Amino acid sequence: MQTRIHIDKAEPAGYRAVLGLEKFIESTPLSRTHKDLIKIRASQINGCAFCIDMHTKEARKAGETEQRIYALNAWRDAPFFSEEERAILALTEEVTLIGNHVKDETYARAEQFFEPARLAQIILAIITINVWNRIGITTQLVPA
């Protein structure tokens, strides 16, 4: 497999716009763990090998355990995730699979843990990784 197009070179302004959203997410007070869980789980759902490779490496470097990374696609049945993390993972799955819509129960559960600004940051983080996944998959980015 070979990368089809380098979006950053073909359309630098558009790429910078997406990068700007990523920089905003990185500047928020969302915990590194929450950001990593969002990025890895959405990338698993979307099947973006490039992003899974990148974000699991970043998560391990930041202190995430192998056990939690390996269990992430079975988080509902694994005891390794907090209730806050479960709310984030449920929201991540439903936003990523948006054609099924975000259930009121899922959204209300997230509201129990996060004030509006933090919830907005979580939603933006989910949306942002989905943009990156779509770029990675469409252009066939391959992990190093």
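Predicted model: local features only at pLDDT ≥ 70, side-chain atom pairs only at ≥ 80, totals over all residues.

Leaving aside neighbours within four places in sequence, Leu91 is in contact with Val102, Thr106, Ala110, Leu119, Ile122, Ile123 and Ile126.

**Nonpolar cores**

- The largest nonpolar core has 19 residues, and Leu91 is among those with the most contacts inside it, together with Ile38, Ile122, Ile126, Ile129 and Trp132.
- At least two residues of this core are supplied by each of α2 (12-27), α3 (32-46), α6 (83-96) and α8, and the largest share, seven residues, comes from α8.
- Apart from this core lies another one, of 11 residues, which includes Ile40, Ala71, Leu72 and Trp75.
- As general background, nonpolar side chains tend to be buried together in soluble globular proteins.

- When residues up to four places away in sequence are not counted, Gln121 touches Ile25, Thr28, Pro29 and Leu30.

**Salt bridges**

- The count of salt bridges comes to 15.
- Glu93 forms a salt bridge with Arg41, with the closest N and O atoms 2.8 Å apart; because Glu93 lies in helix α6 and Arg41 in helix α3, this pair ties together parts that are 52 residues apart in sequence.
- Both Glu93 and Arg41 are buried.
- Asp36 forms a salt bridge with Arg32, the closest N and O atoms being 3.2 Å apart, and both residues lie in helix α3, four residues apart, which is about one turn of the helix.
- The two partners fall into separate accessibility classes, since Asp36, at 2% relative accessibility, counts as buried, whereas Arg32, at 34%, counts as partly exposed.
- In the salt bridge between Glu64 and Arg68 the closest N and O atoms are 2.5 Å apart; Glu64 counts as buried at 13% relative accessibility, and Arg68 counts as buried at 12%.
- Through salt bridges that share partners, Glu22, Glu26, Arg32, Lys35, Asp36 and Lys39 are joined into one network.

Notes:
Residues numbered from 1 in each chain as written. Heavy atoms only, no water. Contact = heavy atoms within 4.5 Å. Core = buried A, V, L, I, M, F, W, Y, C linked by side-chain atoms within 4.5 Å. Buried < 20%, exposed > 50% of the residue type's maximum accessible area, 1.4 Å probe, protein only. Salt bridge = Lys/Arg side-chain N within 4 Å of Asp/Glu carboxyl O.
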